[in-house]
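Please follow this guided reading with the sequence and the three-dimensional view side by side.

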Amino acid sequence: MPTSKERQKKLPYNEGDWFAVPLRKGRRYAVGRIARVAPHGRIVLGYFFGPSLKRFPKAEALAEYLPKDAILVARCGDLGLINGQWKVIGSSSWRRNQWKMPKFKRSESISGATFVVRYADGDPSREVSEKKVEPSSVAVLAENGLWGSGAVEIRLTKLLMSGR
């Protein structure tokens with residue numbers, strides 16, 4: 001059985017890589033960046049950006065994108081990267097400390113309780129804490145959850161292609 005380091009070496013992507021996500025209409029793409037990778041792969045933390053593009057950009061052209069400009073930040077499965085539907089573009093000026101593991105918010109529909117959820121900095125698959133908070137204190141945080149690659153594509157399509 002391969003060790004986690006051996007499996008990590010076989011992944012077709014690395015932390016810091018840029019990749020193109022196909023949108024569900026218009027033969028266009030969004031751009032994402034892998035900010036964290038679970039030790040055994042399978043789950044990544046991605047920062048996703050607009051606008052929608054007709055072609056894959058060069059990695060160097062993406063250096064201007066910053067975490068604060070992301071239209072979606074999500075923990076997601078790596079199936080799109082593994083099967084090649086999400087094309088790895090390459091890496092440029094990767095500074096891990098600029099691309100942090102963010103806090104997420106989680107709301108319970110029945111009780112109405114809201115929580116801040118934190119994941120291990122080096123492992124987007126490992127939750128390390130959850131704290132009950134007032135809903136207004138987490139309004140700007142991304143929703144907690146684990147997105148499949150198809151769900152990410154649908155969400156980005158809605159965010160980038162609305163009104164077209």
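Strand E7, residues 114-120, is mostly covered, with six of its seven residues buried. Buried means under 20% relative accessible area, exposed means over 50%, and partly exposed lies in between, computed with a 1.4 Å probe on protein chains only. The model is a predicted one, in which local features need pLDDT of at least 70 and side-chain atom pairs count only at pLDDT 80 or more, while totals for chains, interfaces and linings use all residues. Residues are numbered from 1 along each chain as its sequence is written, and side-chain values use heavy atoms, with hydrogens and water left out.

Two strands are said to pair if DSSP finds at least two bridges between them. Strands of a sheet pair through backbone hydrogen bonds, either parallel or antiparallel.

Which strands are the partners of E7? Strand E6 (residues 104-107) pairs with E7 in the antiparallel sense over four bridges, and Phe-104 stands opposite Val-117 in E7. The hairpin of E6 and E7 has six residues between the strands, and Gly-112 there takes a positive phi near 80°. E7 is also joined to strand E8 (residues 123-133) by seven bridges, and these two strands run antiparallel. In this pairing Arg-118 stands opposite Ser-129 in E8, and the hairpin formed by E7 and E8 has two residues between the strands.

Attention now turns to another set of strands. Six strands form an open sheet with mixed pairing, in the order E5-E1-E2-E3-E4-E10. Strand E5 (87-91) and strand E10 (146-147) stand at the edges with a single partner strand each, so one side of each has no neighbour in the sheet. E10 runs parallel to strand E4 (residues 72-77), and two bridges join them. Arg-75 has Leu-146 in E10 as its bridge partner. Helix H3 (residues 149-161) packs on this sheet and touches strand E1 (17-22), strand E2 (29-37), strand E3 (43-53), E4 and E10; the direction of H3 makes about 30° with that of E3. Here, contact means heavy atoms within 4.5 Å, and such angles run from 0 to 180 degrees between N-to-C directions, the axes being lines fitted to C-alpha atoms, for helices over the stretch in contact.

The interior can be described through its nonpolar cores. A nonpolar core is a set of buried Ala, Val, Leu, Ile, Met, Phe, Trp, Tyr and Cys residues joined through side-chain atoms within 4.5 Å. In soluble globular proteins, nonpolar side chains tend to be buried together. The largest core has 19 residues, of which Tyr-13, Phe-19, Ile-34, Phe-48, Trp-86, Val-152 and Leu-156 touch the most other members. E1, E2, E3, E4 and H3 each supply at least two residues of this core, and the largest share, four residues, comes from H3. Another core of 16 residues lies apart from it, and its members include Trp-18, Tyr-47, Val-73 and Val-117.

Rings of Phe, Tyr and Trp (its six-membered ring) pair if their centres lie within 6.5 Å; planes under 30 degrees apart count as stacked, over 60 as edge-to-face and the rest as tilted. The structure holds twelve aromatic pairs. One of them, Phe-19 and Trp-86, is stacked, at 5.4 Å centre to centre and with 5° between the planes. Phe-19 lies in E1 and Trp-86 in the loop between helix H2 (79-82) and E5, so this pair ties together parts that are 67 residues apart in sequence. The rings of Phe-49 and Trp-99 have centres 6.2 Å apart and planes at 80°, so this pair is edge-to-face. Phe-49 is in E3 and Trp-99 in the loop between E5 and E6, 50 residues apart. Both Phe-49 and Trp-99 are buried.

Some details of the backbone remain. Gly-50 and Pro-51 are joined by a cis peptide bond, with omega about 5°, and Pro-51 is found in E3. Arg-27, which is not a glycine, has a positive phi near 50°. Arg-27 lies in the loop between E1 and E2 and is exposed, with a relative accessible area of 80%.
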